[in-house]
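These are my notebook entries on one structure.

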Amino acid sequence: MPLIPDFMSRYPNLELEISFLDHKVDVVNEGLDLLLTMSEQLPLGMVARPLMDCRFVLVASPDYLAKHGVPRTPDDLVQHNCLVYKSEWYEHAVWEFKRGSDEKKIPVKGNYRVDDAPALKEVAKKGLGIVYLSTYLLENELQEGDLIPILTEWSLTHPLALQAVYPRRQNLAPKVRAFTDFVKESLGEVPPWDRKLALLL
């Protein structure tokens with residue numbers, strides 16, 4: 001959303017209407033020009049243009065770690081309360097890790113599941129448990145110490161990208177191309193929040 005004013009300044013004759021949708025979207029029947037999504041299950045018959053790869057970190061609050069200890073290996077997570085993203089059609093309850101040639105898939109459990117990543121972040125800040133989140137959600141929390149990265153010697157390998165999804169047409173509408181080009185250009189190869197967080201992680 002912080003990119004929108006610059007986009008509107010660049011294309012002042014365009015009208016922009018945005019909806020924050022919390023259901024499985026039918027792009028054509030809902031009359032949308034474009035869907036921005038991080039869903040791994042894309043609508044059939046659509047074109048998906050990747051705009052940004054998501055980077056993930058494992059985090060918990062200082063209070064939680066003081067009470068329950070800091071996991072030293074991914075296997076330790078089975079002894080912790082892990083906060084899980086779960087929607088109507090997807091549950092992220094197997095967390096994937098890689099360090100060199102060593103790869104692990106850890107089934108995790110916890111007492112809180114929700115279909116909204118920012119909601120997971122908020123309860124993690126209150127000390128409820130450990131959460132696996134994309135860095136784009138965490139810039140302020142990591143800088144201010146509200147959440148602490150853990151198991152940082154391991155890469156989190158859950159594949160997820162921000163994608164622009166639109167109907168498969170012979171000629172792409174200029175307004176759709178302009179918006180997707182603008183977003184990709186603005187985010188760059190390394191998004192701004194990851195450039196800042198490189199100093200913390």
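**Entry 1: a pocket**

I started with the second largest pocket and noted that E3, E9 and strand E10 (155–156) each supply at least two residues of its lining. I looked up the labels: helices (H or I, at least four residues) and strands (E, at least two) are DSSP runs, numbered from the N terminus. The model is predicted, so I noted that local features need pLDDT of at least 70 and side-chain atom pairs pLDDT 80 or more, while totals for chains, interfaces and linings use all residues. Residues are numbered from 1 along each chain as its sequence is written, and side-chain values use heavy atoms, with hydrogens and water left out.

I then checked what a pocket is: on a 1 Å grid over the protein atoms alone, it is an open set of points where a 1.4 Å probe fits, with protein on both sides within 12 Å along at least five of seven lines; lining residues have an atom within 4 Å of a point. The second largest pocket holds about 210 Å³ of space. Its lining has 13 residues, and Arg55, Phe56, Val57, Thr152 and Trp154 are the closest to its centre. Which strand gives the most to this lining? E3 does, with 3 residues. I sorted the lining into 9 nonpolar, 2 polar and 2 charged residues. In this count Ala, Val, Leu, Ile, Met, Phe, Trp, Tyr, Cys and Pro are nonpolar, Asp, Glu, Lys and Arg are charged, and the others, Gly among them, are polar.

**Entry 2: the sheet of 5 strands**

I traced an open sheet of 5 strands in the order E7-E4-E8-E3-E9, with mixed pairing. Strands E7 (113–114) and E9 (148–150) are at the edges with a single partner strand each, so one side of each has no neighbour in the sheet. Two strands pair if DSSP finds at least two bridges between them. E3 (residues 56–60) and E8 (residues 130–134) are antiparallel, with 4 bridges. I found Tyr132 in E8 as the bridge partner of Leu58.

Helix H3 (residues 117–125) lies across strand E4 (82–85), E7 and E8, at about 165° to E4. Contact here means heavy atoms within 4.5 Å. Axes are lines fitted to C-alpha atoms, for helices over the stretch in contact, and angles run from 0 to 180 degrees between N-to-C directions.

**Entry 3: a hairpin**

I found a hairpin of E5 and E6 with 2 residues between the strands, where Gly100 in the turn has a positive phi of about 65°. E5 (residues 94–99) and E6 (residues 102–107) pair antiparallel over 6 bridges. Val94 is opposite Pro107 in E6. E5 also runs antiparallel to E10, joined by 2 bridges, and Lys98 has Ser155 in E10 as its bridge partner.

**Entry 4: the sheet of 3 strands**

I traced an open antiparallel sheet of 3 strands in the order E1-E11-E2. E1 (35–37) and E2 (46–53) are its edge strands, each pairing on one side only. I counted 3 bridges between E1 and E11 (residues 161–167), and Leu36 is opposite Ala164 in E11. Helix H5 (residues 174–187) lies across E1, E2 and E11, at about 20° to E2.

**Entry 5: a salt bridge**

How many salt bridges does a search of the whole structure find? There are 8, each with a side-chain nitrogen of Lys or Arg within 4 Å of a carboxyl oxygen of Asp or Glu. Asp75 forms one with Lys104, the closest N and O atoms being 3.0 Å apart. Asp75 is in the loop between helix H2 (62–68) and E4, and Lys104 is in strand E6, 29 residues apart.

Definitions and conventions: Grid points are joined across faces, edges and corners, and a volume is the space filled by probe spheres set on the points.
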